[in-house]
Amino acid sequence: KEHQPKLYILDYGAGNVRSLANSIKKLGYEFEWINDESDFDKAEKLIFPGVGAFAQAMTSLKTSGRYEQLLKYIKSGKPYFGICIGMQVLFESSEESPDIKGLGVIPYPIKKFSNQDECNGELVKKTVPHMGWNTSWKSYQTSTSSSTDEEKLMLENEDYYFVHSYAALLDPSLASSASTSSEGESSTSSITAQETLAIKDFAYTISRYGSERFVSCVKKDNIFACQFHPEKSGPAGLDLLRRWLEASPESLSASKSTSPSPERTWQIRNPDQSRGYTNGLASRIVACLDVRSNDNGDLVVTKGDQYDVREKSSSSSREVRNLGKPVELARRYYLEGADEVAFLNITSFRSSALLDQPMLDVVRNAAETIFVPLTIGGGIKDTVDPDGTPRSALEVAGAYFRSGADKVSIGSEAVLAVEELLSKSKNGQAEEQFLTGKTGIETISKGYGAQAVVVSIDPKRVYVDTTQSNWKENFPSKHLPSLIIGDEATSRTKDEEKGKAWWYQCTISGGRDVRDIDVVQLAKGVELLGAGEILLNSVDRDGSGKGFDLDLINLVKNAVSIPVVSSSGAGSPDDFVEVFRETGTEAALAAGIFHRKEVGIEDVKKTLEEKGLPVRRCAL
Ligand code: 1PR
């Protein structure tokens, strides 16, 4: 192989740099980790992957003395590739931590997304973080279209994975100056506001989240940086990394030309709101693998029917259903275009999450060949090893992040944490004043960012005896927000539920233990504790193929502002259309229909696209 430029990665010790390392190895390149100042001199190319918080990154750079070294490297004109926080630290400041300065290479502030938006004159909720696959690319055209380089066309025709709450927001006046035409295209509009001029020379591509526009890539001289995660953006992301790795350092270094960059305007596509509110994010399709050890100890992918994972058979020995090997099956789903993969370890740990090596190995092996977000759930809680060593939930989660997981999912522990909160409050709702900062959700969210913490909810319908005329007076008032009256139900099963009423009770230990807490109390409680996303299962719909429980999902969607992954009951591609259209859920998860090859992920995406729902294009 001809001389490979010395590639270094700067890791300041937060978040999941393993997936970037896996991507580079997958692409056939070697790299070193920056260890000391001399490495900055040896480096011919440098990648700075940032995950987590701006303050953490800047503080770590300053305390380690790398702040000056990094600035010197960038000023030397050698190629720099920044990812997410690795892009934001180039700016002068961030609202995320007002008192900490950035590198100031780009004289422009980073600001927080708004958590509300406007659609056809009314206010709608906008979930923050901006998490998912954004399909709203706008490229930043130079004045003569012929000079739009092939790189930008590539960027514009692919969808990438974003997860961030702050961004280089562009002046809102851009939105008003660009008129919306019927198909959502708009006339070009030059940059108007004075403050936006500063970014003119760096802005390379623009994306849209709701009606806010932000710079999704910067490119100038030796600097290339992207707000999204190319190492988590499937084949498109690997392509982008490969192009940068392949390019010679000379072609990536500071351009010699001193002529001012050509006059630039950019094409802004407004949301085509005639089709209802599209915030720019694709409908995420998650493939879920319930994993457990079977009776002779091998980790297999299994699947429950109302959480019962054993074969239905007359003979006494009911085998644990075995639907395949975890990493193999996950790899198939990645290649079929799954936007995310979730492993749920449904065995209660015999020893402990950290000693239960097979699960860590599953994540490690999966992360080596799957380049979309990986979630791992099951057993993420404070545990004690057989030898008495206590292990905090944070420590267990850290082991999974270091193995390549992007998110951990907490089930039972979240129920117990919110029950604890509710026991202290008077009005049956979880309250800020009772937060201890010690729960797994709080510690992991603080350490790795809210976007790394998913809470998995396992609710069960509890039907109320409505034959008594005063049944509603006797119904516990604290669970009223979770009560559905059958006659007002929207799920397809509503006919058989006429005259009935039910509420959603939460469970722990895989649906086996019911608790006196309802799904709205739990959802609000975990949002307060700092969870970044909710994985909403349904014990009743699990494995039923009866479609998603729309009433349950709408209850939770209306109760929180964090993204919801709807799960349980998918039986056909149309079930996905229905759940995205009827509930506004950010993502939909399925297991059985994918494992049994009854429905392919591509079928689901094709059907969604035909019905006008935005999906991640996945050029395999
Ligand atoms: O309590 O933190 O150790 O986490 C345990 C995790 O394992 C929780 O996320 C819990 O939901 C999950 N879990 C525990 N027992 C089971 C079981 O099935 N016996 N799986 C289980 C829950 C939900 C999804 C399933 C969807 C879609 N199953 O895994 O894939 O319901 O299924 P479908 O598309 O086939 O309908 P902790």
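Predicted model: local features only at pLDDT ≥ 70, side-chain atom pairs only at ≥ 80, totals over all residues.

Start with the ligand. What surrounds the ligand? There are 24 residues around it, and the closest are D290, S412, S456, D458 and S568. Sorted by class, this shell holds 12 polar, 8 nonpolar and 4 charged residues.

S568 places a polar side-chain atom 2.6 Å from an oxygen atom of the ligand. With A591 it is a polar backbone atom, which lies 2.9 Å from an oxygen atom of the ligand. Y307 also uses its backbone: one of its N or O atoms is 3.0 Å from a nitrogen atom of the ligand.

As for cover, the ligand on its own has 770 Å² of accessible area, and the protein covers 95% of that. Two elements give two or more residues to the shell, namely β18, residues 284-293, and β32, residues 587-590.

Now the helices. Please find α14, residues 412-424, and α17, residues 519-529. How do their axes cross? They come within 9 Å of each other and cross at roughly 90°. Angles from 65 to 115 degrees count as roughly perpendicular, so α14 and α17 are roughly perpendicular to each other.

On the α14 side, the contact is made by A414, V415, A417, V418, L421 and L422. On the α17 side, Q521, L522, G525, V526, L528 and L529 take part. By class, the residues of this contact are 10 nonpolar and 2 polar, with no charged ones.

That is the end of my part.

Terms used. Residues numbered from 1 in each chain as written. Heavy atoms only, no water. Axes fitted to C-alpha atoms, helices over the stretch in contact; angles between N-to-C directions. Helix = DSSP H or I, 4+ residues; strand = E, 2+ residues; numbered from the N terminus. Parallel < 35°, antiparallel > 145°, perpendicular 65-115°, else oblique. Contact = heavy atoms within 4.5 Å. Nonpolar A, V, L, I, M, F, W, Y, C, P; charged D, E, K, R; others polar. Near = heavy atom within 4 Å. Polar contact = N/O pair within 3.5 Å; in protein donor to acceptor, adjacent residues only side chain to side chain. Areas by Shrake-Rupley, 256 points an atom, 1.4 Å probe, with all protein chains shown as cover.
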